[in-house]
Amino acid sequence: MFARLLRRFGRVDVDREESRVKQTKPKAACRQTSSPENVLNKVQANEEEERLNRELELTTKERNELTDRLLYVTGGSMSKSPYFRPNPFYENLKIKAKEVMSLLHNLDTKNIEHREKFKKLKQEINFYRSQELQETWHRTDPRKTAP
């Protein structure tokens, strides 16, 4: 990181063993001052500032769009999304699905009612069959005949 800072300020050949204590050995490398080549004139500085502002605006716009998309994907309804385009085929399909679901619900309730009626009728049939069997048994029973 120190090397990056040195390159940034134009001091490439700096001895990195600086300290506040006086060195006993003289170092071969000496400090160099920043070169005038790195200094930007006002026109270049303004152009660079404008370019960075445009880049910042684009990045902010992209971030806002991605945030909107994330909000859309993670929650909320589709119709409130800025990316929602209503599809007429999809709307018709939703209406038909609701109709089919209501028809299915009606059939279920009717099925339950008919099952209950069928169960009652089955009980009645069993009751009358058992009575008929008892009557035939009494008619054919030899012990019940008169002496």
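**Confidence and contacts in a predicted chain**

Among the elements of the chain, the lowest mean pLDDT, 66, belongs to helix H1 (residues 2-8), and the highest, 92, to helix H3 (residues 88-140). Here pLDDT is the predictor's confidence in each residue, from 0 to 100. Helices are DSSP runs of H or I with at least four residues, strands are runs of E with at least two, and both are numbered from the N terminus.

Two remarks on method. This is a predicted model, in which local features need pLDDT of at least 70 and side-chain atom pairs count only at pLDDT 80 or more, whereas totals for chains, interfaces and linings use all residues. Residues are numbered from 1 along each chain as its sequence is written, and side-chain values use heavy atoms, with hydrogens and water left out.

Across the chain, pLDDT averages 77, and 63% of the residues score at least 70. Where pLDDT is low, the predicted coordinates should not be read in detail.

As to the fold, the chain has 3 helices and 0 strands, giving the pattern α-α-α along the sequence. How many of the 147 residues count as buried? The share is 3%, where buried means under 20% relative accessible area, exposed over 50%, and partly exposed in between, with a 1.4 Å probe and protein chains only. The accessible surface of the chain is about 15,000 Å², and carbon and sulfur atoms account for 57% of it.

I turn now to the charged side chains. A salt bridge is counted when a side-chain nitrogen of Lys or Arg lies within 4 Å of a carboxyl oxygen of Asp or Glu; the count is 2. In one, Glu-48 meets Arg-51 at 2.6 Å, N to O. These two residues are about one helical turn apart because they sit 3 residues from each other in helix H2 (residues 42-74). In the other, Arg-51 meets Glu-55 at 3.1 Å, N to O; this pair, also in helix H2, is 4 residues apart, about one turn of the helix.

Finally, the aromatic rings. The structure holds 1 aromatic pair. Phe-127 and Tyr-128 form this pair edge-to-face, at 5.4 Å centre to centre and 65° between the planes. Rings of Phe, Tyr and Trp (its six-membered ring) pair if their centres lie within 6.5 Å; planes under 30 degrees apart count as stacked, over 60 as edge-to-face and the rest as tilted. Phe-127 is partly exposed at 46% relative accessible area, while Tyr-128 is exposed at 51%.

Conventions: Areas by Shrake-Rupley, 256 points an atom, 1.4 Å probe, with all protein chains shown as cover.
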